[in-house]
Amino acid sequence: MDKNLNFVNEKKIERTIKALEKKNMHGYLVKDQEELIRKIEELVKPGATVGIGGSMTLFETGLIDYLRTDRYNLLDRYKEGLTGADMKNIFRQSLLADAYFASTNAITENGELYNVDGNGNRVAAMLYGPDKVILVVGVNKIVKDEEEAINRVKNIAAPANTKRLSPKTPCEITGQCIDCSSEGRICCEYTTIKMQRSKGRIHVIFLNEEYGY
C-alpha cells in the first residue's frame with residue numbers, strides 16, 4: 001500500500017478505535033497476521049471453547065486454520081460432512097462459547113457496528129451469549145456513518161457474498177440489492193450495535209489492509 005494512503009487509513013482506524021472505547025468496546029490496530037495471532041492469544045486463554053461466524057476475513061487472515069489447532073476447542077461450522085442438524089447444534093452451542101470470532105459488514109467512524117445476516121446466528125452471538133466477541137476487521141470495512149454502512153452492504157457485501165454462496169438471488173446476477181423476497185435471501189436480520197453494557201466484551205482488531213467483503 002502507498003505510504004501516504006497507509007497513513008490516512010491508519011488515522012481513520014485510530015479515530016474509530018477511540019470512538020469504540022467511548023462505547024465500552026475495545027479496539028486494536030495490528031500490523032500483520034503474526035501480531036493478530038499474538039493479540040488473540042492475549043485475549044483468549046488456551047482451552048477456551050470458541051465459535052465462529054461466517055466470514056471471508058477469518059479465512060483470508062489465516063484465523064480459521066489457527067483456531068483449528070489444539071490450542072482451542074473450536075465449534076467448527078466449516079467441518080466437512082456436517083448435516084443441517086449438526087450446523088444448527090453448532091450455532092446454538094456457539095451462543096455459550098467462551099469467545100466468538102467474526103468480522104463485521106461495516107463499522108462507522110463513530111464506533112457503531114452494522115451487520116446483516118441471513119440466518120441470524122452470527123448477529124445473535126455478537127449481541128448476546130459468548131463472554132467475548134472478537135471481530136477482525138480490514139480497513140475497507142470502515143465507513144463514515146450508518147447510511148454509508150447500509151450502502152456498503154447493499155452494493156458490496158451482499159452481492160459479493162451471494163456470488164460466493166450462490167443462493168439464487170437477484171443480486172447474484174445484478175451485483176446490487178433490489179430488496180428481494182427470494183427464498184435464498186441472505187439479508188434478513190439487520191442490527192446496529194451502538195453501545196455495550198458489558199464493558200470489554202467486544203474487541204475489534206483492525207488491520208490496515210483490505211479483507212473480506
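Rings of Phe, Tyr and Trp count as a pair if their centres lie within 6.5 Å. Planes over 60 degrees apart make such a pair edge-to-face. The structure shown here is a predicted model.

**Aromatic pairs**

How many aromatic pairs does a search of the whole structure find? The search gives 2 aromatic pairs. Phe59 and Tyr78 form an edge-to-face pair. Tyr66 and Tyr72 also have their planes at an angle that makes the pair edge-to-face. The table sets out the geometry.

| Pair | Centre to centre | Angle between planes |
|---|---|---|
| Phe59 and Tyr78 | 4.7 Å | 65° |
| Tyr66 and Tyr72 | 6.0 Å | 75° |

Where do Phe59 and Tyr78 lie? Phe59 belongs to helix α3, residues 56-60. Tyr78 sits in the loop between β3 (73-75) and α5 (84-94). The pair therefore ties together parts that are 19 residues apart in sequence.

Next, accessibility. Phe59 is partly exposed, at a relative accessible area of 39%. Tyr78 is partly exposed too, with 24%. Tyr66 and Tyr72 are both buried.

**Cysteines**

A disulfide is a covalent bond between the sulfur atoms of two cysteines. The cut-off applied here is 2.5 Å between the sulfur atoms. By that rule, the structure has 0 disulfides.

Cys177 is partly exposed, at 27%.

Ser103 lies in a loop, between β4 (99-102) and β5 (106-108). Its relative accessibility is 3%, so Ser103 counts as buried.

What does the side chain of Ser103 meet? A polar atom of this side chain lies 2.7 Å from the backbone oxygen of Val136. The side chain of Ser103 also makes a polar contact of 3.2 Å with the side chain of Lys141.

Which residues does Ser103 touch, leaving out those up to four places away in sequence? Val136 and Lys141 are among them. Ser103 also touches Leu135 and Val137. Other contacts of Ser103 include Ser55, Thr57, Asn115, Arg122 and Met126.

Definitions and conventions: Residues numbered from 1 in each chain as written. Predicted model: local features only at pLDDT ≥ 70, side-chain atom pairs only at ≥ 80, totals over all residues. Heavy atoms only, no water. Buried < 20%, exposed > 50% of the residue type's maximum accessible area, 1.4 Å probe, protein only. Phe/Tyr/Trp six-rings, centres within 6.5 Å; stacked < 30°, edge-to-face > 60°. Helix = DSSP H or I, 4+ residues; strand = E, 2+ residues; numbered from the N terminus. Polar contact = N/O pair within 3.5 Å; in protein donor to acceptor, adjacent residues only side chain to side chain. Contact = heavy atoms within 4.5 Å.
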